[in-house]
Amino acid sequence: MQKLFINSKNESVTMSGLFDEFIRFKKIINSSNETIKYYNNCFRYFSDFMACDLSCREMNKNTFYDYVEYLQTKKLSDCTINSYLRGLRAIIYYGIELGYIPKFEVKLIKAQKKIKETYTDEELKLLLKKPDLKKCSPKEYRTWVIINYVYSTGNRLNTVINIKVKDVNFSESTMFLSTTKTRSQQIIPLCSKLLVILREYVKFRQGQPDDYLFCTLKGEKFTSKGLQVTIADYNKSRGVMKTSIHLLRHAFARDWI
């Protein structure tokens with residue numbers, strides 16, 4: 001008769017240890033920095049819930065339900081709770097796959113999706129109105145170009161800050177995107193109005209082919225936070241209190257449809 005073998009290593013693995021393995025795996029498969037940040041944030045919430053470092057063998061359906069109730073006491077929206085649960089679910093399923101966690105199904109809570117408020121037509125008119133180039137600052141003009149670009153293409157923030165001068169192909173009316181959420185390179189068409197704006201801007205920008213197209217006033221690459229603050233300042237200066245660059249993508253999708 002074959003002897004029963006118990007993997008003592010699996011018995012001793014904690015959730016923190018599993019998370020370290022999970023993040024190492026995600027980095028090996030080349031997950032984006034934003035994805036890594038997301039999982040770190042999700043696990044941070046779960047770590048706050050754990051009184052001590054939980055053993056993977058203790059991670060089960062009841063423990064998961066206890067965590068859901070913990071999140072609900074924080075008065076978070078259902079969508080936010082599900083966002084944290086999706087991250088934890090990926091970690092749990094990775095642990096189940098490795099044999100660290102007993103198998104069980106992770107279910108999200110039912111959440112009512114709210115209609116996302118986006119920029120109104122009146123607000124877009126204020127944001128898209130071209131500034132007087134004889135009177136405006138370089139910062140205002142550059143940000144106006146960025147607003148037009150995002151509204152016309154729906155590109156993500158991380159995509160925008162990684163575009164280089166050489167990526168604009170005026171002869172074919174296209175833009176080459178090297179940085180996307182799916183890590184797949186893309187070539188997208190540019191409308192005639194945006195091409196006129198970009199052609200003028202490139203002359204103003206006077207950068208080298210490998211320089212970033214949308215940069216700081218010092219010619220350096222934008223950080224995500226830096227561009228968000230720049231957009232917020234620009235919007236407020238135009239009398240628009242909504243300051244999210246992501247909402248421009250919603251406006252793009254709404255008007256495109």
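Trainee: What makes up the secondary structure of the chain?

Mentor: The chain has eleven helices and three strands, where helices (H or I, at least four residues) and strands (E, at least two) are DSSP runs numbered from the N terminus. This is a predicted model, in which local features need pLDDT of at least 70, side-chain atom pairs count only at pLDDT 80 or more, and totals for chains, interfaces and linings use all residues. Residues are numbered from 1 along each chain as its sequence is written, and side-chain values use heavy atoms, with hydrogens and water left out.

Trainee: Why are α3 and α5 called roughly perpendicular?

Mentor: Angles of 65 to 115 degrees count as roughly perpendicular, under 35 as roughly parallel, over 145 as roughly antiparallel and the rest as oblique. The axes of α3 (residues 33-49) and α5 (residues 78-98) cross at roughly 95° and come within 9 Å, the axes being lines fitted to C-alpha atoms over the stretch in contact, with angles from 0 to 180 degrees between N-to-C directions. The two helices are therefore roughly perpendicular to each other.

Trainee: Which residues make the contact?

Mentor: With contact meaning heavy atoms within 4.5 Å, those of α3 include Tyr38, Phe43 and Phe46, and among those of α5 are Arg86, Leu88 and Ile91.

Trainee: How do you know how the chain stands against a compact globule?

Mentor: The rule is 2.2 Å times the number of residues to the power 0.38, with the radius of gyration taken over C-alpha atoms. For 257 residues a compact globule would have a radius near 18 Å, but the chain has 24 Å. Its C-alpha atoms fill a box of roughly 85 × 40 × 35 Å, taken along the principal axes.
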